[in-house]
Amino acid sequence: MTRGDSLSRRLLVWLLLPLLVLGSLMLLQAWFEARRTADRAFDRLLEAASLAIAEQVQWQDDRLWLDLPPAALEMLATDAEERVFYSLIDRRGRMITGNAELPGDQREAVSDDDTLLYRDVTWQGLSLRQGVRRTRLEDWQLREPFEVRVAHSREGRDALAAELWRANLAMILAMAALAIVALLLAIRTALAPLTRLRRAIRSRDPRTLAPLELRLPRELAELRDTVNELLARMRRVRANQERFIGDASHQLRTPLAGLSARAELALRQDDPARWREALVAMQATSSRTARLAMQLLSLTRLANPEYRPERAPLSLNAIAREAVREHWTACHRAGVDLGVATAAADVEILGIDWQLAEALGNLIDNARRYGARHVTIRVGEQPPSLSIEDDGPGIPAARRTLMLRPFHRDRDDLEGSGLGLAIVDGIARTHGARLAMSAGPGCVGLRVTLRFPGDSP
């Protein structure tokens with residue numbers, strides 16, 4: 001729907017279209033009905049005129065004779081000034097008298113039956129309506145058949161049809177106006193609940209996520225319930241955000257308070273050795289705090305639904321080798337054997353290189369921090385996968401899902417933020433990959449696997 005469009009306008013258009021078609025059909029039907037009514041009225045005049053003429057036909061001097069009264073034709077004359085014609089035809093088809101030799105119906109000869117036929121004819125360039133009466137003399141000595149033909153032009157019929165149609169047109173237009181007014185009122189009344197819903201939403205405090213309590217028709221009640229479901233999800237999201245902010249504040253407050261305490265304690269000492277000891281402790285605390293801040297930023301960015309970086313073709317073998325080169329020094333200092341087992345063939349996926357590097361970095365760092373001596377990165381081909389195996393203490397199967405929650409630690413006495421696996425899980429979802437945790441080789445340690453969907457670049 002465009003910006004300038006509206007639901008009421010769409011309803012009005014779609015409801016007026018069938019009304020317009022119906023009104024056109026009604027006008028067309030009114031026109032044909034007006035013509036039929038005019039034809040029936042003037043056909044009665046033709047019938048009366050032909051009957052008046054037939055009653056004046058007599059037999060005289062061995063032939064038909066007609067003394068036509070003026071009233072017989074005057075009844076066909078109206079204000080439209082039609083042209084009136086008549087003729088008397090004997091049984092042989094000869095014209096006895098009349099003011100015009102009108103054409104007859106050649107399909108049937110003059111018969112003894114008293115019948116009256118109507119038809120439209122064109123005679124000498126004139127469009128006429130003709131009535132043909134076939135009758136006979138009612139005499140006890142002679143029953144001579146004859147035919148009376150009466151016709152007149154269509155001016156009066158057309159004028160009467162136009163007058164009747166104009167009357168019907170005025171009525172139809174009045175009904176159409178009433179229908180449009182009723183339609184506008186109906187649309188406004190039907191959309192009134194939608195207006196109430198819009199006003200209720202606009203008048204709400206932006207900070208509240210309470211459900212809408214508004215009586216609405218069934219169709220709009222479904223929309224209200226859908227909005228309430230959205231508000232409920234937003235409440236859960238806000239609750240999670242508030243909990244995340246509280247946990248993050250707690251995680252940052254502790255090392256910052258430690259830094260402040262260490263600095264205050266060092267200032268009270270005069271021994272340079274104590275100063276060096278405090279600076280070493282402060283440097284370690286600041287490093288952990290910086291890493292925690294970076295993890296918080298990464299987790300926040302992954303949780304943002306609007307953040308959708310473009311994926312590019314990547315080689316999993318290259319990603320694994322680069323992770324080993326980047327973390328080998330830190331692992332070597334900690335006495336951890338870090339290695340890589342790449343696939344025989346190059347394995348490519350569509351992904352984001354820095355995110356996969358961060359995921360591997362978090363997994364390697366977790367394995368190193370939690371006591372592993374051997375850490376191996378493996379690349380799988382079918383399906384494409386990245387695995388980190390270590391021989392550390394591992395995670396019990398019942399607690400593996402809990403470890404994906406932010407700030408959840410398996411052991412309270414170990415250092416760490418509890419964000420590493422949560423970040424890895426977010427990166428897996430960004431890539432459409434499946435995160436799986438299981439025991440390492442020989443049921444020792446932990447294996448974390450990212451199985452990618454296998455979409456070719």
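**Exercise 1. Find how helix α7 (residues 316–333) lies against helix α8 (residues 353–369).**

Solution. Keep in mind that the model is a predicted one.

Step 1: start with the axes. Those of α7 and α8 come within 10 Å, and their crossing angle is roughly 40 degrees. Angles under 35 degrees count as roughly parallel and 65 to 115 as roughly perpendicular, so α7 is oblique to α8.

Step 2: look at the handedness. The crossing of α7 past α8 is right-handed.

Step 3: list the residues that meet. From α7 come Leu316, Ile319, Ala320, Ala323, His327, Ala330 and Cys331, and facing them in α8 are Asp353, Leu356, Leu360, Gly361, Ile364 and Arg368. Sorted by class, this contact holds nine nonpolar, two polar and two charged residues.

Step 4: think about the spacing in such lists. An α-helix has 3.6 residues a turn, so residues three or four places apart point the same way.

**Exercise 2. Check the length of helix α3 (residues 155–190), then work out what its buried residues pack against.**

Step 1: pick out the buried residues of α3, which are Gly156, Arg157, Ala161, Leu169, Ile172, Leu183 and Ile187. Their packing partners are α1 (7–55), β6 (126–136) and β7 (145–153).

Step 2: follow up the helix partner. The axes of α1 and α3 come within 8 Å and cross at roughly 160 degrees. Over 145 degrees counts as roughly antiparallel, and therefore α1 and α3 are roughly antiparallel to each other. This contact has 25 nonpolar, four polar and five charged residues. As for handedness, α1 passes α3 in a right-handed crossing.

**Exercise 3. Decide whether arginine 224 is buried or exposed, and name what it touches.**

Solution. Step 1: locate arginine 224 in helix α5 (residues 218–267).

Step 1: its relative accessible area is 17%. Buried means under 20%, so arginine 224 is buried.

Step 2: leave out residues up to four places away in sequence, and arginine 224 touches Leu212, Leu214, Arg215 and Leu216.

**Exercise 4. Inspect the backbone at proline 383 and glutamine 124.**

Solution. Step 1: proline 383 sits in the loop between β11 (374–380) and β12 (385–390). The peptide bond joining glutamine 382 to proline 383 is cis, with omega about -5 degrees.

Step 1: glutamine 124 belongs to the loop between β5 (115–123) and β6. Its phi is positive, about 50 degrees, although the residue is not a glycine. Because its relative accessibility is 66%, glutamine 124 counts as exposed.

How values were computed. Residues numbered from 1 in each chain as written. Predicted model: local features only at pLDDT ≥ 70, side-chain atom pairs only at ≥ 80, totals over all residues. Heavy atoms only, no water. Axes fitted to C-alpha atoms, helices over the stretch in contact; angles between N-to-C directions. Helix = DSSP H or I, 4+ residues; strand = E, 2+ residues; numbered from the N terminus. Left-handed = near helix turned anticlockwise from the far one by under 90°. Contact = heavy atoms within 4.5 Å. Nonpolar A, V, L, I, M, F, W, Y, C, P; charged D, E, K, R; others polar. Expected span 1.5 Å × (residues − 1). Buried < 20%, exposed > 50% of the residue type's maximum accessible area, 1.4 Å probe, protein only.
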